[in-house]
Amino acid sequence: MSSSHRSDPGANALLRLYIAGDTPSARRALESRLRIMKEWAGGIEIHIVDILAHPEAAESAGILATPTLSDERATPPRRLIGDISNTAQVLDYFGFRGKDSGYDHS
Amino acid sequence: MTRSAAEILDPSANAFLTGISQLNFRRLIETLADGILVVDLSGTVLYANPAAAMIFGYPAADLVHIPLGRPVISGETTEITVHRRRRSPADVEIRTVEVSWDGKPALLASLRDVSAQRAQEERRRQSQKLEAIGRLAAGIVHDINNLLAVFESGLRLLQKQLGGEAPNPNSAMLIEELISRTRNGGALTQQLLAFSRGQSLYPETIDLNARIEALSMLLERTLGSGTQVRCDLDPALDAVLVDANQLDVAILNLAVNAKDAMDGKGTLSIETSNSPADIEDVPAAAARFVRVTVSDTGCGMSKEVLSQVFEPFFTTKGDGRGTGLGLSQVYGFIKQSGGHIRIESVVGAGTSVHLFLPRPPRATNDEPRSSGKIRRKRMDE
Ligand SMILES: Nc1ncnc2c1ncn2[C@@H]1O[C@H](COP(=O)(O)OP(=O)(O)O)[C@@H](O)[C@H]1O
Ligand SMILES: [Mg+2]
């Protein structure tokens with residue numbers, strides 16, 4: 001359902017994961033982050049932003065809910081809110097194809 | 001725009017909607033207690049019902065067009081935290097399904113604010129845990145007291161057996177020393193008991209304002225010149241029924257915490273009120289309690305710290321400055337007195353600790369006094 005696919009999945013993508021403190025949903029999101037980064041070893045970098053520690057970062061980025069995974073290089077920023085443990089849905093949304101399915105069909 | 005309500009993509013679901021007019025459907029959604037958000041596939045809000053607007057703290061009209069982000073589609077309910085300006089964040093359950101909106105694919109998220117429920121569960125969990133720790137402490141104190149009693153009587157026996165003719169004069173001194181150490185141990189266990197619920201209190205009818213005035217003189221002298229002490233005492237304050245010594249200790253504990261939080265600079269206020277507003281889980285608080293609030297303009301505490309402060313031995317004060325027993329004494333005392341405690345704290349701004357203390361049973365004609373006996377633990381959850 002995602003509209004664009006990255007033509008070069010080897011390129012480094014930088015996402016931000018906004019969380020708020022140490023809650024169960026934040027912990028889940030952090031685990032998912034590790035899985036996503038492992039699945040796309042080296043290809044995706046996800047920075048963590050704890051908005052309790054950096055409220056101004058959330059304010060300026062317009063983050064209303066956490067956890068939010070955000071690609072801020074897109075305009076408007078491409079964002080996914082909620083439980084990101086379904087990594088297939090996450091990767092698809094941000095334009096990464098599953099590794100096994102290749103990336104040649106369109 | 002002709003269509004104002006979402007259409008569930010699953011055609012079988014449409015069967016439920018036949019017979020409901022667009023207008024009725026819209027009214028239904030507008031009055032729903034749950035928040036409803038319709039978001040397009042790029043994450044821009046297309047529709048928000050009033051309940052959703054409430055959760056996000058924006059007028060519904062302002063929410064529309066906001067690039068909120070796409071909610072993760074999931075058959076199950078998951079949880080997010082919604083952050084609002086000048087309000088505490090809300091724990092929100094969210095479930096998102098695919099719908100079509102104005103003929104285009106979109107997402108419908110239903111939201112439920114579960115913050116109040118979570119807070120209540122957390123308080124219950126907390127008080128159960130403290131009760132368990134209290135029981136454990138009481139058991140240990142009992143055992144240690146028995147041991148100490150054995151030591152002390154053994155030492156007394158030795159003392160007697162040696163009489164005046166100890167082979168070494170140091171032995172007599174050593175025995176004397178050991179006896180006083182066992183007494184120290186006894187005093188220590190008594191203090192520990194204060195944090196468990198087994199400790200006996202001697203509640204009496206006291207004048208809270210007078211008590212605070214006496215304490216505030218002490219506080220002014222001990223808090224240092226950078227900190228001010230302000231008292232705002234309700235002249236119409238009724239008497240309270242609590243253990244006077246424990247009350248003093250509790251207020252001193254709160255004052256010491258305030259002093260530590262302010263790091264030598266700020267204002268400590270003690271306020272009393274004869275008609276406190278109701279607190280969430282205590283309806284009619286005004287009728288049965290008076291309130292004393294100890295506030296400071298100190299560092300405040302985070303939600304994480306706040307959730308642990310009543311635990312015995314929990315302290316954030318390093319290098320031996322904290323024992324972690326202050327607030328557990330306050331908590332134990334308040335619970336045992338049949339009162340309530342509530343803490344409000346804002347990081348960087350300060351902390352207010354509210355104590356709700358019980359009034360004595362009324363001795364009026366319509367409500368005869370129950371032989372002067374005190375109803376203890378009447379508010380226990
Ligand atoms: N007025 C206050 N302002 C900020 N933090 C506080 C305040 N009162 C208590 N705390 C926090 O709660 C913790 C526990 O308090 P307490 O039980 O009195 O133990 P202690 O003062 O020995 O650390 C403190 O270490 C501190 O982090
Ligand atoms: Mg303390």
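1. Buried area is the accessible area (1.4 Å probe) that two parts lose on being put together, summed over both. Between chain A and chain B about 2000 Å² is buried. Carbon and sulfur atoms give 60% of that area.

2. Ground rules. The model is predicted, so local features need pLDDT of at least 70 and side-chain atom pairs count only at pLDDT 80 or more, while totals for chains, interfaces and linings use all residues. Residues are numbered from 1 along each chain as its sequence is written, chains are lettered from A in the order in which they are written, and side-chain values use heavy atoms, leaving out hydrogens and water.

3. Interface contacts. 19 residues of chain A are in contact (heavy atoms within 4.5 Å) with 21 residues of chain B. Zero salt bridges are counted between the chains; the rule is a side-chain nitrogen of Lys or Arg within 4 Å of a carboxyl oxygen of Asp or Glu.

4. The chain A side. Strand E3 (65-66), strand E5 (78-81) and helix H3 (87-93) of chain A each supply at least two residues of the side that touches chain B. E5(A) gives the largest share, three residues. Helices (H or I, at least four residues) and strands (E, at least two) are DSSP runs, numbered from the N terminus.

5. Five strands form an open sheet, ordered E2(A)-E1(A)-E4(A)-E5(A)-E4(B), with mixed pairing. Two strands pair if DSSP finds at least two bridges between them. At the edges are E2 (44-50) of chain A and E4 (70-71) of chain B, each pairing on one side only. E5(A) and E4(B) are parallel over two bridges. Here Ile81(A) stands opposite Pro71(B).

6. Inside chain A. Strand E1 (residues 13-19) pairs with E2(A) in the parallel sense, over seven bridges. Leu14(A) is opposite Glu45(A) in E2(A). Helix H1 (residues 24-39) of chain A lies across E1 and E2, at about 160° to E2(A). Axes are lines fitted to C-alpha atoms, for helices over the stretch in contact; angles run from 0 to 180 degrees between N-to-C directions.

7. In chain B, five strands form an open, mixed sheet in the order E9-E11-E12-E14-E13. Its edge strands are E9 (227-232) and E13 (340-346). Strands E11 (residues 266-273) and E12 (residues 289-296) of chain B run antiparallel, joined by six bridges. Leu268(B) has Asp296(B) as its bridge partner in E12(B).

8. Helix packing in chain B. Helix H7 (residues 208-222) lies across E9, E11, E12 and E14 (350-358), at about 170° to E11(B). Helix H11 (residues 326-336) touches E13 and E14, making about 145° with E13(B).
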